[in-house]
Amino acid sequence: MFSSGTLALSGMSLTVENGEFISLLGPSGCGKSTALRIIAGLGDTSSGRIDWPSSRINARGLPEGDISFVFQEPTLLPWKTVFDNVYLPLRLRRISRSAAKPAIMEALATVGLQDFANAYPRELSGGMKMRVSIARALVTKPKLLLMDEPFAALDEITRQKLNDDVLKLWKETGITVIFVTHSVFESAYLSNRIVVMKARPGRVHADFPLVTSHKRDGHYRTSEEYRQACEKVSNSLIEAMGGEEH
Ligand SMILES: Nc1ncnc2c1ncn2[C@@H]1O[C@H](COP(=O)(O)OP(=O)(O)OP(=O)(O)O)[C@@H](O)[C@H]1O
Ligand SMILES: [Mg+2]
């Protein structure tokens with residue numbers, strides 16, 4: 001509940017298993033960003049609770065350092081190099097620049113930007129900036145990665161490339177991802193579980209697995225199985241929006 005009186009979420013319940021890739025979809029204003037912020041500990045809830053399995057719980061009841069957030073905008077500091085932008089979360093933990101260097105270079109390598117450590121954000125394309133933002137989220141080695149429409153502002157080809165990068169990262173690290181998107185295609189491509197929300201108040205409308213025997217790659221994008229997955233997600237979203245066709 002916001003101070004304005006808006007009840008953003010009510011009766012929303014979600015159990016997230018280790019290693020899942022969940023896409024969260026729903027009409028605009030249904031509370032997807034609010035839900036992510038609550039999971040990240042960035043917003044206080046007026047009621048409700050979150051249970052963490054981790055024993056590393058801080059005073060605010062959150063497992064410190066285990067969660068990273070990637071926003072729609074890369075939110076980089078323009079006067080700092082790529083290296084120093086990625087260093088920021090470690091700097092906030094009072095880790096020296098030299099001690100942090102291996103972790104920073106590893107995070108940059110994960111997103112293919114190891115050669116751009118000394119570049120400034122203005123020298124990078126939109127897709128590269130987003131990669132820096134992802135590297136900054138990974139540098140603390142989080143267990144849970146929350147992404148709020150991270151690729152919405154990018155062109156389709158760059159977006160597909162970054163989708164593949166995120167999938168690779170997910171497979172290699174075993175990280176748990178909750179990915180907010182408005183794109184049915186993106187959600188069907190990336191996730192092994194789909195959660196569709198309904199608005200006013202925000203709650204879960206549908207929650208189902210997406211299993212595929214395919215490797216998720218260019219061939220999968222043109223497969224019948226992918227088409228069916230897209231249809232399933234799309235139908236669920238139309239239902240959540242009250243049945244109207246778009
Ligand atoms: N800081 C705030 N103060 C008051 N109301 C807010 C605040 N943030 C969000 N809301 C309201 O809470 C509801 C959920 O908003 P939220 O941003 O979580 O939706 P969303 O699903 O992420 O939407 P979108 O798809 O447009 O990003 C909306 O009705 C919104 O107007
Ligand atoms: Mg949002």
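Which backbone nitrogen does a side-chain oxygen of Asp155 reach at the start of H5?

The model is predicted: local features need pLDDT of at least 70 and side-chain atom pairs count only at pLDDT 80 or more, while totals for chains, interfaces and linings use all residues. Residues are numbered from 1 along each chain as its sequence is written, chains are lettered from A and ligands numbered from 1 in the order in which they are written, and side-chain values use heavy atoms, with hydrogens and water left out.

**View 1. The open sheet has 6 strands in the order S2-S3-S4-S1-S5-S6.** Its pairing is mixed; two strands pair if DSSP finds at least two bridges between them. Strands (E, at least two residues) and helices (H or I, at least four) are DSSP runs, numbered from the N terminus. Strands S2 (67-70) and S6 (203-209) each have a single partner strand, so one side of each is left without a neighbour in the sheet. From one strand to the next, the twist averages 15°; axes are lines fitted to C-alpha atoms, for helices over the stretch in contact, and angles run from 0 to 180 degrees between N-to-C directions.

**View 2. Strand S1 (residues 21-25) runs parallel to S4 (residues 176-180), joined by 4 bridges.** Phe21 stands opposite Val177 in S4. A further 4 bridges join S1 to S5, again in parallel, and Leu24 has Val195 in S5 as its bridge partner.

**View 3. Strands S5 and S6 form a hairpin with 4 residues between them.** The two strands run antiparallel and share 6 bridges, with Met197 opposite Val204 in S6. In the turn, Arg200 has a positive phi of about 45°.

**View 4. Helix H5 (residues 156-173) has 18 residues and reaches 25 Å from its first C-alpha to its last.** At its start, a side-chain oxygen of Asp155 comes to within 3.2 Å of the backbone nitrogen of Ile157. The buried residues of H5 include Leu162, Val166 and Trp170. Seen down the helix axis, the buried residues fall within an arc of 160° (taken from the directions from the axis to the C-beta atoms), so they line one face of H5. On the other side, Ile157, Lys171 and Glu172 are exposed, that is, over 50% relative accessible area. Just after H5, Gly174 takes a positive phi of about 70°.

How values were computed. Expected span 1.5 Å × (residues − 1). Buried < 20%, exposed > 50% of the residue type's maximum accessible area, 1.4 Å probe, protein only. Polar contact = N/O pair within 3.5 Å; in protein donor to acceptor, adjacent residues only side chain to side chain.
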